[in-house]
Every structure is written in C-alpha cells, then in structure tokens.
Amino acid sequence: MKCEKYKKYKLSVMKKEIIIIFVILLVLCAGTWLFVRQVSSQLWEQSIRTMTESIHQGVNALNMQLEMDFGELKAVGQNIAKADCDELVEMMNLYHSVRKDVNIYLNGNQMLDDSRKSDQALIDFLEETDREQGILDAHSSSVTGENVFHIFYRIVLADDTPAYLVREYRAKEIAAQFTPSFYGHSGFSYLVNTSGEIMVRSRHRNSNKTIQNLFDIIPAKENEAQVIQQFRDSIKELKSGWAKFYDHGTGVVFCYEPVWSDSGWMLVSIVAEEKILVQTNSILWKTFFFAGGQIILVLAVFAVFYTGKMRENAIHTEELEQALQAADSANNVKGIFLMNMSHDIRTPLNAILGLTSVAQKQTGSRAQIEEYLKKINASGRYLLNLVNDVMDMSQIENGKMILKEEPVYLKEIFTDVAQLMSYRVQEAGLSMEVAPVHLEQEIVWADPMRMRQIMVNIIDNAIKYTPAGGRISLRLEQTKEAREGNAVYHFCCSDTGIGMDREFLKKVFQPFERSRNTTASGIAGTGVGLAITKGLLELMGGSILAESEPENGSVFTAVFPLQAADQTLEQVKRKESVQTTTEETDICDIKLPDIPDTKDLQIQETDPPAEEDAESPGYADKRVLIVEDVELNMEIAEAMIGMTGVQIEKAYNGQEAVQMVGEKPIGYYDLIFMDIQMPVMDGYEAARRIRAMRREDGERIPIYALSANALAEDIENALQAGMNGHIAKPIDMAPIEKVLRQHLSESRK
C-alpha cells in the first residue's frame, strides 16, 4: 500500500517536473524566437548602415576630387583672365605641361589650341549653357571614342571675350574610385543622372555592361509599381536612401546618394540580398547553437551552475565592454589622425597650388619664380616626409622593418645629428647645449640611418614643444650596465618646453597621439615620430623613457644596447669612403625634420652646400636607357637625367626594354634606369631576362630600379631580380648623380 502511494507520489512529482520542464522549454523557445527575430532585424539595419556608409565614403571621395578640380580651374581661370592673347597662350602651354586634359574654349565653340580636335558634344553643350560652372554628363567623345565627361568654369578674358576652362575625365579612370569593397567585393556601383541614365559604371564582374538606364534592372512584374515610382522620384529629386527590389525571385538592395550639388548625378550601389544574409545567417546559426546549448545546460545543471553562469556572464560582459571601449578609443585615434593628416597635407598643398598660380603670373621675374619653385620643392618634400612617416609606422607594426647593421662611430653620429639640428634650433629661437662625449667603446654594430632617425625624432619633438627662448640639452653616455654582452648607451634630450601631464605621458608613444592638435597648437606632423622611435628602439632591443611635468619641460632617454665592433676608427672611416652606391641608394636618406607652416615658409639649407667639381664629369659619350610607362614620369626622368649630358633612349615597358637591349650591339647601353610596375612586363622580370641574355654585357650592365615602390621588401625584390640598386621616387638628383659617377666614370677609366 505504501509502495503504491509512493509510486503515485513519484508519478505526481514526475508529472509536475515534466510540466515545469515543458514550461521552461516553451518559455526558452519563445524567448529564443523573439531574440532571433530582434537580432535579425538589428543585423539587417546594421547591414544597411554599412552599405550607406560605404556609398557615403565613395561620394565623399568623388566630391573631394571635384571640389579640388573646380578650385584648381577657378584659381587658374582668375589668373589667365587678366592675360592678353600672347600671355594666355604662353600660360596655357605652361599649364598643359602639368594638366594635359585642361583646355580653353573661346566663345564656347573654339579651342585656343587649333591643333587639338574638339569634342562636338562639348561644343554643343557650351553654346547652349548659361551656367558659370558645372558638369557635362558622360558621353562618347567624338575625338577619342571613349566614354568621357567634363567639368567647366566660365571666365571673361582681358579683351571681354567669354571663354570656358574645361577639364576632361575618362569614365573608366573615375570608376575605380567608387567601387565598393563590402560583402566580399560582391557590390557594384553606377553613376547615374536624374533620369536614371548610366553615366559611369564600375569595373566589376557583376556590373551589367549592356543596360543604359538604371531602371531597366528592375523587373516591373516582380515589384510594386508604387515602390518603383518612389525610387524614381528619389533619384529625380536627388535624395539619399535605400530600396529593395526583386529580380527573378532574388532580392537586390539599392543604396543611393547625390554627388556634387551642381552635377545632377547620383551614386547608386547595388548588392544582392543573399550576400548580406550570408553574414546575418552565419550569426543567426551561431545564435541558434548557443541558445540550444544554453537550453541543454539549463535543463541539466541549472541548480548547480546558476551562480557560476551568472559570474561567467558578468565577466563576458565586462570583456565586451572593454573591447568596445578599445574599439571606441581606436576610432577616436583614427578620427584625430585623419583630421590632423587632412590639415597637415592641405597645408603644403596650399603652398604648392598657391605658389604655382603666383609663379604663373610672375612671367617677367625669373629670380622670383625660382624662389617660388624652391618653396614648392620644400612643400613637396614635406609631403614626402608625411608619407614616409606613415610607411615607417606601418612597417614597424607589421614586423617588416629591417635593420642594416654595420660598424659605426657612435660619437660621430651624435655629433652630426647635433650639428644638423642646430639649424632648426636657431630657427626656432632656442639655444642648445651639447655635453662632451666620453665613451669606452666608440665603434659599435648599428644601423647608422636608423640611429640618426631616432635622435632626430627626439630632438625635433623637443623643438616643436619648446617656446622661443627655451633651451634644449643633449647628452650621449655609456653606462656601466651590460645586456647579454652588449654595451648600453643612453641618449638623453631634455627641454624647457610646455611639458605633459601624467595622463598624456601614458600614451605619448602611441601612434598618432599629440597633446594638442595641429590646428590648436600650430604644430605640424603626423604624430608618429615618437611611436616610430619606440618601435625602432624595440627592434634594437632597447627602450625609451619619458619624464615630464606641465610647463616644466620634458626629458626623453633612449636606451641602446649595442654590440662593440672589433674595428678601429681608421677602418670605419675607410669603409665609409669606399661605400658603394648600391648601399647608399637602396634605402632613403634620413628624413629632415618637419618644415614650418607654409604660410611663413622660409627655405633653410640644413647642410652646407658641397663644393662643385672643377670641371663637369662629361657624359656626352655615354648612353642611358630609361624604362618608364607613365608619359609624365618619363618626361621628368628624361629632363632631370638629361641635364647631366648623357644620351638618353626610352622604353615604355619591360618587354620593349628587353627587346632594345637584345637588338643593340654589346656595350651599347652604359646604364639602365628601370621602373617596376609597368604593363606587358614589369621591371623585375625585365631585369631577370636582361641578366639571362647570352651576351657579354648581359650580366654586367648596371640596372637600377627607379620606382615608387619604396618599402624594404621592394628594395630586396629589386636586388633579387639582379638589379644593382634601388632609387625611390620622387626622383632626387643626388642618388642619380652618385650612380652616374660610379658607373659611367669607372667605365671611362
């Protein structure tokens, strides 16, 4: 009887437990369904935001390009409007050397240069328009047959003749600027006018090359007429937004945004819904597995692990919050960096464009034009320094920075840097104290260029943040400490500048960090100098320390653990005197400190000018082959190298260069300057084929890379391909002349 009662009791308890479990399962399933539904909605909204942001970035890129180009046309137009006929022709010829795609149309239908053919569609448009500036829709050029569009700016010449400055763009070149890179490169874009006619189409595998109107993509049978009409109205009224349509049962998402207020164009990006849902479904499946695991876990060990699970969730939440804070911090740093870079790039660009316009007006003063060109050159070098800083930082972060160690005289490096920076110190209105140097081991193994770069960066930072009248002190000493058999050296730079608070001191060596931004402080630069310095020191096994207080200056101490070299000072000097041109040119020279703001730009020689030789080297009997596919780059290289007196021949790709070398007699070419990225055959392959030729000069003819590929791996690739060395663009005559002196002078002996 008791047994029966016990069984009934157990059965009743089991029924209750089953009901409880069922209710729990029902609640969990309902909660999971609601959660998945909410997550799906949020993921879809996030996907749309991703597309919208991507198209917005593409629009911004096009708008910035058009804004700069209209600004350039306006600046040029204001200058040439004051010129008479002869001056106008001369100024436009000068301008054509820089902008071959810009022309003047007189009265809207006659080109200033009669030798050029006019695009009939452009002439018809200019005769009818009354706008001061604008954009002509893309069309097939009657001159080249290519798909082109134009921007124009109206001016009135000195003789009251109306004219238009017109710049031509090839549609296929503009297309590359707005091809989206989201969702595995599955999206593609069109530039359309308000009628939906396609002006420019992206070079993408999914882009339909046959349709002429955007609305032809949307099947009327599969989509509601009201939705299609709303989309047409949005395009016609130049509104931003997105819409979803169906094509053969497949969802397609359109995102659109207007481009340039005067263009009447829209940028429309298109991506298949399934590409968006791939990411969404992946997250949802993970969510399902996670939810299922949670249900099983709750049913099996709910009572035992409840507290532990809550603790685990709390830890997970904290980690997510930390990750979110880190992401927000990274985004803030990125935003500040982009803002600073925008300012620091536009400053020298303002000098380059402004001084170019001014120089065009100074046709009668050669001395003044030469002064302007010097300042333009200085601004260009400043831009190059910005690029080099970012490249150095990227190489350090990616672990691709390579140190080239050799025996060096450490005291001489310190002395040279102090002398180099003394010019900057004086220019900034500061004084500098340099302590005497006494080292037990003066000859060490080190990378001399990077050692100089570290010292220059630290001193330059002190100069930037020390007001006029302040003082900078430098000291180099060897400590009694030893690390793994290496001697330890301290380079110390102290200043009486503005200092830093404790909070900023913690992040002073992080990339793109500055205590005050460029606009507020007037201090230019990318904010990576100290980060590069720290990275280089860590590559050497060293470190850097910073001590500072607000308004009480700063002290930076770089710690170098360096191996002593078993060589005498005379041996080091002798090695430096016979150093090969390849070693001199395979890595760029040390970058000079940042130049001041270009509005107060003054040219300051940082090194005393070298004495010129008593007589010219005389290369008139030498022949150099230049291999370059870009016409403008070829023109620059030919002009600069041709100033040395050598005979120049030209090839426009690697295959053409190989053919020319093979067809000429042995010893015909004395030297080859080779670009790397070229059509048909690149420079690496061309160099390998020349080296493999069965002729006496195939292995010995000097070949130097002359390329904008300037990373350490690019230099190594050039040497592996059989080249003698690498010279980075933009072209500098100093390494060019070193190469000519070494090879052409030796061949004369």
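## Burial and overall make-up

A residue is called buried when its relative accessible area is under 20%, exposed when it is over 50%, and partly exposed in between, computed with a 1.4 Å probe on protein chains only. This is a predicted model, in which local features need pLDDT of at least 70 and side-chain atom pairs count only at pLDDT 80 or more, while totals for chains, interfaces and linings use all residues. Residues are numbered from 1 along each chain as its sequence is written, and side-chain values use heavy atoms, with hydrogens and water left out.

The protein chain has 749 residues, of which 43% count as buried. Its secondary structure consists of 19 helices and 22 strands; helices (H or I, at least four residues) and strands (E, at least two) are DSSP runs, numbered from the N terminus. Contact is taken as heavy atoms within 4.5 Å. Among contacts in the protein chain between residues at least 6 apart in sequence, 64% join residues at least 24 apart.

## V76 in helix 1

V76 lies in helix 1, which covers residues 2-80. With a relative accessibility of 4%, V76 counts as buried. Leaving aside neighbours within four places in sequence, V76 is in contact with Y95 and L165. V76 and T356 are 280 residues apart in sequence, yet their C-alpha atoms are 9.5 Å apart in space.

## Packing of helix 9 against helix 12

Two packed helices are described by the angle between their axes and the distance between the axes. Here the axes of helix 9 and helix 12 come within 9 Å and cross at roughly 145 degrees. Such axes are lines fitted to C-alpha atoms, for helices over the stretch in contact, and angles run from 0 to 180 degrees between N-to-C directions. The crossing of helix 9 and helix 12 is left-handed, a term for a near helix turned anticlockwise from the far one by less than a right angle, right-handed being the clockwise case.

From helix 9, the residues R450, Q453, I454, N457, I458 and N461 meet G529, L530, I532, T533, L536 and L537 of helix 12. The residues of this contact divide into six nonpolar, five polar and one charged. In this grouping, Ala, Val, Leu, Ile, Met, Phe, Trp, Tyr, Cys and Pro count as nonpolar, Asp, Glu, Lys and Arg as charged, and the others, Gly among them, as polar.

## Salt bridges

The structure holds 19 salt bridges, each being a side-chain nitrogen of Lys or Arg within 4 Å of a carboxyl oxygen of Asp or Glu. One of them joins E237 to K239, with the closest N and O atoms 2.9 Å apart. E237 is partly exposed at a relative accessible area of 45%, and K239 is partly exposed at 43%.

Within helix 9 (residues 448-464), K464 and D460 are four residues apart, which means that about one helical turn separates them. Their side chains meet in a salt bridge with an N to O distance of 3.8 Å. K464 is partly exposed, with a relative accessible area of 27%, whereas D460 is buried at 7%.

In helix 12 (residues 529-539), E538 and K534 are likewise four residues apart, or about one helical turn. The side chains of E538 and K534 form a salt bridge of 2.5 Å, N to O. E538 is partly exposed at 46%, as is K534 at 29%. Elsewhere, salt bridges that share partners join D69, D101 and R167 into one network.

D447 occupies the loop between strand 13 (443-446) and helix 9. D447 is buried yet has no salt bridge, and the nearest side chain of opposite charge, R450, is 4.6 Å away. For charge, Lys and Arg count as positive and Asp and Glu as negative, while His and the chain ends are not counted. Not counting residues up to four places away in sequence, D447 touches I402, L403, K404 and E405.

## Positive phi in two loops

D160 has a phi near 70 degrees, a positive value in a residue other than glycine. D160 is found in the loop between strand 4 (147-156) and strand 5 (162-170), and is exposed at a relative accessible area of 61%.

V680, which is not a glycine, also has a positive phi, of about 70 degrees. V680 sits in the loop between strand 20 (671-674) and helix 17 (683-691). With 62% relative accessibility, V680 counts as exposed.
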